[in-house]
Amino acid sequence: MSAPALLWHQFRFDQKIFWRNPASVFFTVLLPVIFLLIFASIFGNNTIKTLGNVKTTVYYVPAILTLAVVSATTVNLAIGITVARERGILKRGRGTPLPSWVFLGGRLGNSIVVALVMLVVISLLGRIVYSVPIPWDRMPAVLVTLAIGAASFSALGIAMTRIIPSEDAAPAITNVSVLPLYFLSGVFIPESEIPNGVLNVAGVFPIRPFFEAFYAAFVPTTAGSGFEWGHLALVAAWGVAGAVIAMRTLTWTPFGS
């Protein structure tokens, strides 16, 4: 079997495993939808004056998209690969003819496709339920932002497995790593309610600049083509760092064995 065919087979396998796992589907797909419905229902009639009178529903579509992409990539990969490692799946896989890069490629492909699915789901939900316009004229910026973010956060998710000692600790450590940044970065709370000093600190980490890039590409009041190259460069830098750490530290055997 050729390398592309082998990768396609592994990708299809990972897709089936993901969509047949109720917990993965709930936390990765349904939970962002629930968050959008909750925040839009509570704050939907408000406008954010400091952002040019942007409706809160318009603000929360790219915000929840940010959460959805991070969940589909960093959280999904960090937990999934740790579980596979601790159950001996990675170790047994190393003893088969399956190349390591094919295994990781299937997981990465699955995460990126799920992130793309979430872009479609959240965008359509915002349009149908809350009349949030889909930025067709800035769709190249939306897709480039999604691609850079998904790749970078996937690398960070794989790198994070190094600090997760067990299967039971995976959800806790992963969520502790991302949940505070959601609040500090303006994903859950409109940035107009967050002190500038806090936003500046959050801007050092990848979630805040990724959200800002998504916001610029998605919100109709944004001038220009929607590309935020400075923010995307910072997200990509985190992704490169994550990829280097992952290549150097990823282990295929359970911790303590």
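Which residues is leucine 98 in contact with, leaving aside its neighbours within four places in sequence? Select leucine 98 and you'll find Leu6, Gln10, Gly93 and Phe103; contact here means heavy atoms within 4.5 Å.

Before moving on, note that this is a predicted model, where local features need pLDDT of at least 70, side-chain atom pairs count only at pLDDT 80 or more, and totals for chains, interfaces and linings use all residues. Residues are numbered from 1 along each chain as its sequence is written, and side-chain values use heavy atoms, with hydrogens and water left out.

Leucine 98 sits in the loop between helix 4 (89–94) and helix 5 (100–130); helices are DSSP runs of H or I, at least four residues, numbered from the N terminus. With a relative accessible area of 29%, leucine 98 is partly exposed (buried is under 20%, exposed over 50%, partly exposed in between, using a 1.4 Å probe and protein chains only).

Now jump to threonine 57: 41 residues from leucine 98 in sequence, and 46 Å away, C-alpha to C-alpha.

Next, select Ile122, Tyr182 and Ile207, which have the most contacts inside the largest nonpolar core, a set of 52 residues. Such a core joins buried Ala, Val, Leu, Ile, Met, Phe, Trp, Tyr and Cys residues through side-chain atoms within 4.5 Å. Helix 3 gives the most to this core, with 13 residues. Around isoleucine 122, leaving aside neighbours within four places in sequence, look for its contacts Pro32, Val33, Leu36, Val61, Ile64 and Leu65.

Last stop: isoleucine 42, in helix 2. Isoleucine 42 counts as exposed because its relative accessibility is 56%.

Methods
Helix = DSSP H or I, 4+ residues; strand = E, 2+ residues; numbered from the N terminus.
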